[in-house]
Amino acid sequence: MGNFRMRETPKTTRRQREGERRRNTATTKQRIIKETKNLKKDPVKGILVNPVENNPRYFNVVIDGPAGSPYEGGHFKLQLYLPEEYPMVPPKCLFMTKIYHPNIDFLGRICLDILKKNWSPALQIRSVLLSIQSLLNEPNVEDPLNEEVNAIWKSNKAQGEKTAREWTQKYAK
């Protein structure tokens, strides 16, 4: 066998990297516009999504509490932000309405697998919002963010749900 030399990969220039970044940014903008149009054209029942006028990466969201859940009758405000790296990284979501829930802390942060380790660029804003709505219906006590609420929910589910209904009446009207 003769000498085998691997070819060196040519270094990319600053101009090439900048061009690639612009193409990625344009593609991301097109995706955001398309997802926003689809949400307006075919809205999700119980979810109102409004992009912020001067920044299409920010959305004001209202999720209605699912029927039959302790959150029924509530209207929960969220903010959703699409980072520069979207769709390669998940959106950032935050509850603005106070909520008593094992998977949502008192600062409004959400523990949801698709917002962390199970994110895929194939998922969309719609998928995220449907998952959050589903989380309101079925809290995941095996993966809590709010340990205090989770301890009550696990030891006395009826009491946890009662408190969630009270908070819904107080904060989510």
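Reader: How far apart in helix H1 are glutamate 35 and arginine 31, in residues and in helical turns?

Author: Bearing in mind that this is a predicted model, glutamate 35 and arginine 31 are four residues apart in helix H1, and they are therefore separated by about one helical turn.

Reader: Why is the pair of glutamate 84 and arginine 57 said to tie together parts of the chain?

Author: Their side chains meet in a salt bridge of 3.7 Å, N to O. Glutamate 84 lies in the loop between S3 and S4, whereas arginine 57 belongs to strand S2, so the pair links parts that are 27 residues apart in sequence.

Reader: Are glutamate 84 and arginine 57 buried or exposed?

Author: Glutamate 84 has a relative accessible area of 52% and is exposed, since exposed means over 50%. Arginine 57, at 10%, counts as buried, because that value falls under 20%.

Reader: How do you know that glutamate 161 forms a salt bridge with lysine 157, and where do the two lie?

Author: The closest N and O atoms are 3.9 Å apart, so the pair falls within the 4 Å limit. Both residues lie in helix H4, four residues apart, which is about one turn of the helix. Glutamate 161, at 22% relative accessibility, and lysine 157, at 48%, each count as partly exposed, because that term covers what lies between 20% and 50%. A search of the whole structure finds five salt bridges, including the one between glutamate 161 and lysine 157.

Reader: Why can the buried residues of H3 be said to line one face of the helix?

Author: In H3, which spans residues 147–155, the buried residues are Val149, Asn150 and Trp153. Seen down the axis of H3, they fall within an arc of 100°, and so they line one face. What covers them includes helix H4, while the face turned away from the buried side carries the exposed residues Glu147, Glu148 and Ser155.

Reader: Which residues have the most contacts inside the largest nonpolar core, and which element gives the largest share?

Author: This core has 35 residues, and Val61, Leu80, Phe95, Ile110 and Ile132 have the most contacts inside it. H2 gives the largest share, six residues. Isoleucine 132 touches several residues beyond four places away in sequence, among them Ile63, Leu78, Cys93 and Leu112.

Reader: Why is lysine 117 called exposed?

Author: Lysine 117, found in the loop between S4 and H2, has a relative accessible area of 68%, and the label therefore follows from the threshold of over 50%.

Definitions and conventions
Residues numbered from 1 in each chain as written. Predicted model: local features only at pLDDT ≥ 70, side-chain atom pairs only at ≥ 80, totals over all residues. Heavy atoms only, no water. Buried < 20%, exposed > 50% of the residue type's maximum accessible area, 1.4 Å probe, protein only. Arc of directions from axis to C-beta. Contact = heavy atoms within 4.5 Å. Core = buried A, V, L, I, M, F, W, Y, C linked by side-chain atoms within 4.5 Å.
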